[in-house]
Amino acid sequence: MIQRIQTIYLILAAIVSGGLIFAFELWTTPEGVKVYANNTTYEYIAFLTSALFSIVSILRYKNRKSQFMLGRLNIILNFFLLGFFVYLSLNLSGETAVSEKGIGMLLPVVSIVFLALANKAIKKDEDLVKSVDRLR
């Protein structure tokens, strides 16, 4: 399980989605208050669901098809989260007072990259198993 490269990618995606949300702020309000993902309900739930999908996908290492499907669902969830952040950042820029966007809004992009790499490695393993089954 741990010797496969997709496990490493999935662990990194889980760390980005579940751990780094506490380190990087999403945005700063005009009053100077930094807003993290755990301060907002929906973003917090989406990030933790993404981390949970990554962990469950690691534990499903014997069933590569469900692992691949969970990876795709996780990518879709991160795209929705990224779209929400883009929408939110476009609305934040229209304020009368200037507010700052944080680096935390880019965490779904990093997670999508790791999940895409993991899905590529899962697909490669599935193709290898199918080719070996053909030889038998």
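Author: Let's start with Arg-4, which counts as buried because its relative accessible area is 15%, and the cut-off for buried is under 20%. Keep in mind that this is a predicted model. So what does Arg-4 pair up with? Its partner is Asp-125, and together they form a salt bridge in which the closest N and O atoms are 3.4 Å apart. This pair links distant parts of the chain: Arg-4 sits in the segment before α1 (5–18), while Asp-125 belongs to helix α4, 121 residues apart.

Now slide along to Glu-126. Glu-126 has a salt bridge too, this time with Arg-64, and here the closest N and O atoms are 2.9 Å apart. Glu-126 is in helix α4 and Arg-64 is in helix α3 (residues 64–92), so this bridge ties together parts that are 62 residues apart in sequence. Is Glu-126 buried or exposed? It counts as buried, because its relative accessibility is 14%.

Asp-127 brings us to another salt bridge, made with Lys-123, with 3.6 Å between the closest N and O atoms. Asp-127 and Lys-123 are both in helix α4, and because they are four residues apart there, about one helical turn separates them. Asp-127 is partly exposed, at a relative accessible area of 36%. Lys-123 is partly exposed as well, with 41%.

Leu-117 counts as partly exposed because its relative accessibility is 34%. Leu-117 belongs to a nonpolar surface patch with Phe-24, Ile-103, Leu-106, Val-109 and Val-113, and together these residues have about 470 Å² of accessible area.

The chain has four helices and three strands, and they follow the pattern α-β-β-α-α-β-α along the sequence. Its C-alpha atoms fill a box of roughly 70 × 20 × 20 Å along the principal axes. Of the 136 residues, 39% count as buried.

Technical notes
Residues are numbered from 1 along each chain as its sequence is written. This is a predicted model: local features need pLDDT of at least 70, side-chain atom pairs count only at pLDDT 80 or more; totals for chains, interfaces and linings use all residues. Side-chain values use heavy atoms; hydrogens and water are left out. Patches are made of residues with over 30% relative accessible area and no salt bridge: like charges are joined within 9 Å, nonpolar side chains (Val, Leu, Ile, Met, Phe, Trp, Tyr) within 5 Å. Accessible areas come from the Shrake-Rupley method with a 1.4 Å probe; for residues, only the protein chains shown count as cover. A salt bridge is a side-chain nitrogen of Lys or Arg within 4 Å of a carboxyl oxygen of Asp or Glu. Buried means under 20% relative accessible area, exposed over 50%, partly exposed in between (1.4 Å probe, protein chains only). Helices (H or I, at least four residues) and strands (E, at least two) are DSSP runs, numbered from the N terminus.
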